[in-house]
Amino acid sequence: MYQYMSYGSKERDRATEDFNPDNKLAEGRFGPVYKLTLLSTLWNKLWTLNIPPKVRNFVWRACSNILPTRANLARRRVLIEPLCAICGQAEETVSHALWECPIARNVWAMVRGKLQKCGARIQTFHLLARQLMEKLTREEQELWAMVAWSIWNARNRFYFEDTQSQPSDILKGATTLLQDYHRWNGQMAHR
Ligand SMILES: [Zn+2]
């Protein structure tokens, strides 16, 4: 039986973040395994989207706040500096990296439809995802996921390849990949 006693409540809260003990699913070698109800509802919705599995996984990791952003790496003491190295204006949290950072804003500004009306500031990426799953059509949700993934890749190119991507290219990369995936999926369905 897993005992909390060996840990302080602070350590426990930090380790499990906002996971509630009521949502405990099982015990694993590394401690309890939790199910967050809201996240699982979101996951069910994400699962129905016709997007590449790697993108679905990426959105899931973004919503679960386990992407290796600088803020998350600093929290785990991998990095010391949590500040976004692209704009230098704020900590690089998931919401900053994919939504609030100027590079991300420039891309989202080019996406037509309801996405443009969403505020520039959000609490967490998970909350944004939940809002968008209510508000957007399925096609818009698919594009949103692809664009977020494309922004993350552009950030990685900046960090690891020293390459800057234009917002229009980031958006085009996302739409092209989505179209190709739908076409490929359509072909597979008719075989
Ligand atoms: Zn930034």
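**Entry 1**

Helices here are DSSP runs of H or I with at least four residues, numbered from the N terminus. I noted that this is a predicted model, in which local features need pLDDT of at least 70 and side-chain atom pairs count only at pLDDT 80 or more, while totals for chains, interfaces and linings use all residues. Residues are numbered from 1 along each chain as its sequence is written, and side-chain values use heavy atoms, with hydrogens and water left out.

The axes of helix 7 (residues 125-135) and helix 8 (residues 138-161) come within 10 Å and cross at roughly 155°, where axes are lines fitted to C-alpha atoms over the stretch in contact and angles run from 0 to 180 degrees between N-to-C directions. Helix 7 is therefore roughly antiparallel to helix 8 (over 145 degrees). On the helix 7 side the contact is made by F125, L128, A129, L132 and M133, and on the helix 8 side by Q141, W144 and A148; contact means heavy atoms within 4.5 Å. I sorted these residues into seven nonpolar, one polar and no charged, with Ala, Val, Leu, Ile, Met, Phe, Trp, Tyr, Cys and Pro as nonpolar, Asp, Glu, Lys and Arg as charged, and the others, Gly among them, as polar.

**Entry 2: helix 3 and helix 8**

I then checked helix 3 (residues 53-63), whose axis comes within 9 Å of that of helix 8 and crosses it at roughly 80°, so that helix 3 is roughly perpendicular to helix 8 (65 to 115 degrees). K54, V55, F58 and V59 of helix 3 meet W144, A145, M146, A148, W149 and W152 of helix 8, and this contact divides into nine nonpolar residues, no polar and one charged.

**Entry 3: A71**

I looked up A71, which lies in helix 4 (residues 70-75) and counts as buried because its relative accessibility is 11% (buried is under 20%, with a 1.4 Å probe and protein chains only). Beyond residues up to four places away in sequence, A71 touches P82, E91, E92 and T93; A71 and E92 are 21 residues apart in sequence, yet 5.2 Å apart in space, C-alpha to C-alpha.

**Entry 4: confidence**

Notes
Helix = DSSP H or I, 4+ residues; strand = E, 2+ residues; numbered from the N terminus. Parallel < 35°, antiparallel > 145°, perpendicular 65-115°, else oblique. Buried < 20%, exposed > 50% of the residue type's maximum accessible area, 1.4 Å probe, protein only.
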